[in-house]
Amino acid sequence: MLTGIHFLLTYLCTFECDHCFLYCGPHTKGTFTLNQLRQVFDEIARIGTIESVYFEGGEPFLFYPLMLEGIKIARNMGFKAGIVSNAYWATSVEDADLWLRPLSELGIFNLSLSDDLFHDDEEEINAAKMALTAAKRSGMPASTICIEKPTVMTDVHTEQGKGTSVIGGGAMFKGRAVEKLTEGLPRRPWKEFITCPHEELETPTRVHLDPYGHVHLCQGLSMGNMWETPLSEMVKNYDALSHPICGPLVKGGPALLAKEYDVKHEDTYVDECHFCYLVRLALIDRFPQYLAPRQVYGLE
Ligand code: SF4
Ligand code: SF4
């Protein structure tokens, strides 16, 4: 049952992180308009099962008035509202409080702040800490997300057995992370990747919506376009097994997806997402409605 809607309010961001699975950055295009937000909220109400609405990106604070208005609409409709931000706006605790106060008054149930080593100068790390301090002072529930450069631990006991290499750090190998972070990491045979370990593709509990209308089940894997088919209708009629990309992923993971469409591939990959992302990239011109937008694959 779908209970969470996450607005990718904008693809624009102050940073250009190596681990960004949406290829966001200072020159990336795509931002919701207020009118589009209103249209989506009408549809969210029609779905009838939504409990929480998140505003994220990119960096949603870059469009602060729009984010604020979206949160007002969400709260007036009775939804819990959350935000994911990189905290670039927290130049001091006192100043962070200026940004947070109007949000605090609306009742935010979670402010999730990136506090990771990829935003790696001292100033930026402190920004997240200052934002966290300001949020806590105002009583706003806040937490930090920390993603570090991939590290390799060998000879550890895991379900896969002794001597297996495990990659730490928390980065997901999709989007820019594939281009920037996979080199030199240990790999496993493609045949092992027979599931999607991270998304509930059959019965999604949350989707990410972007300004182009794409309804992301995973970054760049779309249920369809909500500017063409009303969101409530799309959600009601969604059947993973008849979706050309989710069907194979549900039945046999990236390995089956590659096999089903006869995609040429390498012998080994870092993990399921690494393989899945590259197979999807190879299929992007064949399924433009479902593998979109191109910019989250680093394409024009
Ligand atoms: S990971 Fe977050 S902070 Fe970094 S570029 Fe992507 S959206 Fe921006
Ligand atoms: S990239 Fe593929 S395997 Fe990884 S979470 Fe997304 S759909 Fe699942």
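Predicted model: local features only at pLDDT ≥ 70, side-chain atom pairs only at ≥ 80, totals over all residues.
**Helix H7**

Helix H7 spans residues 246–260 and has 15 residues. Its end C-alpha atoms are only 12 Å apart. A straight helix would reach 21 Å at 1.5 Å a residue. A kink of about 130° lies at Gly252, shortly before Pro254. Both Gly252 and Pro254 are buried. Other buried residues of H7 include Cys246, Gly247, Pro248, Leu249 and Leu257. The buried residues of H7 pack against strand E10 (214–218), strand E11 (221–225) and helix H8 (272–282). After H7 comes Asp262, with a positive phi near 55°.

**Cavity and pockets**

The count gives one cavity of 30 Å³ or more. H7 and H8 are the elements that give two or more residues to the lining of the largest cavity. H8 supplies the largest share of that lining, four residues. Leu249 of H7 is among the residues nearest the cavity centre, together with Cys196, Cys218, Cys273 and Cys276.

The volumes are listed below.

| Space | Volume |
|---|---|
| Largest cavity | about 110 Å³ |
| Largest pocket | about 790 Å³ |
| Second largest pocket | about 450 Å³ |

The cavity lining has 15 residues. By class, nine are nonpolar, two polar and four charged.

The largest pocket is lined by 38 residues, and Phe21, Glu56, Gly57, Val84 and Ile145 are the closest to its centre. Several strands each supply at least two residues of this lining, among them E1 (4–8), E2 (52–56), E3 (80–85) and E10. Strand E4 gives the most, with three residues. The lining of the largest pocket has 15 nonpolar, 16 polar and seven charged residues.

The second largest pocket has 19 lining residues. Val166, Ile167, Arg188, Val270 and Asp271 are the closest to its centre. Strand E7 (164–168) and H8 each supply at least two lining residues. The largest share, four residues, comes from E7. By class, this lining has 10 nonpolar, five polar and four charged residues.

**Thr151**

Thr151 lies in strand E6 (residues 151–156). Thr151 counts as partly exposed because its relative accessible area is 39%, between the cut-offs of 20% and 50%. Leaving aside neighbours within four places in sequence, Thr151 is in contact with Val166, Ile167, Gly168 and Gly169. Val166 and Ile167 also belong to the lining of the second largest pocket. The C-alpha atoms of Thr151 and Gly170 are separated by 9.3 Å, although these residues are 19 residues apart along the chain.

Terms used:
Residues numbered from 1 in each chain as written. Chains lettered and ligands numbered in written order. Heavy atoms only, no water. Expected span 1.5 Å × (residues − 1). Bend = angle between axes of the 7 residues up to and from the residue. Buried < 20%, exposed > 50% of the residue type's maximum accessible area, 1.4 Å probe, protein only. Contact = heavy atoms within 4.5 Å. 1 Å grid on protein atoms, 1.4 Å probe; cavity = no way out; pocket = protein on both sides within 12 Å on 5 of 7 lines; lining within 4 Å. Points joined across faces, edges and corners; volume = space filled by probe spheres on them. Nonpolar A, V, L, I, M, F, W, Y, C, P; charged D, E, K, R; others polar.
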